[in-house]
Amino acid sequence: MNPPRSTTTAVVLAAGLGTRMRSATPKVLHELCGRPMLAYVLDAWAEASQDGPDAQPIVVYSPPVAAICDAFSDRAQFALQAEPRGTGDAVRAALSAVPDDAAEILVLSGDVPLVAASDLTALLEARREDDAAISLATVFAADPASLGRVIRSDFGTVERI
């Protein structure tokens with residue numbers, strides 16, 4: 001008998017209200033070039049996944065943005081974050097839906113439509129190559145004033161978020 005195959009499971013965070021957008025439409029359902037923002041993230045995962053286009057990520061949603069469940073019912077599984085309490089709590093809400101054979105979890109933001117499959121693949125490969133507990137992708141922003149920050153040491157290691 002063969003041992004169960006380990007997999008990578010994607011958890012896509014989409015529970016946020018998008019209050020800065022001042023819209024009743026959930027942020028990840030806002031359209032860019034005629035498609036919901038979340039569709040681009042799901043496409044990137046489908047292309048990057050070793051399980052191919054049938055790989056269903058776990059999309060974390062909250063009651064006010066439940067419309068995403070109907071919009072993407074054929075492309076994802078869903079985990080409810082009953083009360084949006086931030087990123088860590090959203091990941092916690094998804095853990096019960098993560099399959100037992102998952103060897104790694106890739107956490108994605110549902111509101112980052114420019115993420116490419118090649119970026120996801122590179123991040124996973126870098127983590128595996130270093131046998132790291134986690135891998136974190138960051139960007140340098142010209143004006144990071146309203147963004148979260150990753151503070152790095154002189155050697156580039158993450159010191160705090």
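Strands β1 (residues 7-13) and β4 (residues 58-61) pair in the parallel sense, joined over 3 bridges. Within this pairing, Val-11 has Ile-58 of β4 as its bridge partner. The model described here is predicted. Strands of a sheet pair through backbone hydrogen bonds, in either a parallel or an antiparallel manner.

**The sheet**
- The open sheet consists of 4 strands in the order β5-β4-β1-β6, with parallel pairing.
- Its edges are formed by β5 (77-80) and β6 (102-109), each of which pairs on one side only.
- From one strand to the next, the twist averages 25°.

**The helix on the sheet**
- Helix α1 (residues 37-48) packs on the sheet and touches β1, β4 and β6.
- The direction of α1 makes about 170° with that of β1.

**The largest nonpolar core**
- This core contains 27 residues, and those with the most contacts inside it are Val-12, Leu-38, Val-59, Ile-68, Leu-106, Leu-108 and Leu-120.
- At least two of its residues are supplied by each of β1, α1, β4, α2 (67-71), β6 and α4 (117-130).
- Helix α1 provides the largest share, with 7 residues.

**Contacts of Leu-106**
- Which residues does Leu-106 contact, leaving aside its neighbours within four places in sequence?
- They are Thr-8, Thr-9, Ala-10, Val-11, Trp-45, Leu-120, Leu-123 and Leu-124.

**A second core**
- A separate core of 10 residues is also present, including Val-11, Ile-58, Ala-79 and Ala-94.
- Val-11 and Ile-58, both in this second core, are also the bridge partners named at the outset.

Terms used. Residues numbered from 1 in each chain as written. Predicted model: local features only at pLDDT ≥ 70, side-chain atom pairs only at ≥ 80, totals over all residues. Heavy atoms only, no water. Pairing = 2+ DSSP bridges. Axes fitted to C-alpha atoms, helices over the stretch in contact; angles between N-to-C directions. Contact = heavy atoms within 4.5 Å. Core = buried A, V, L, I, M, F, W, Y, C linked by side-chain atoms within 4.5 Å. Buried < 20%, exposed > 50% of the residue type's maximum accessible area, 1.4 Å probe, protein only.
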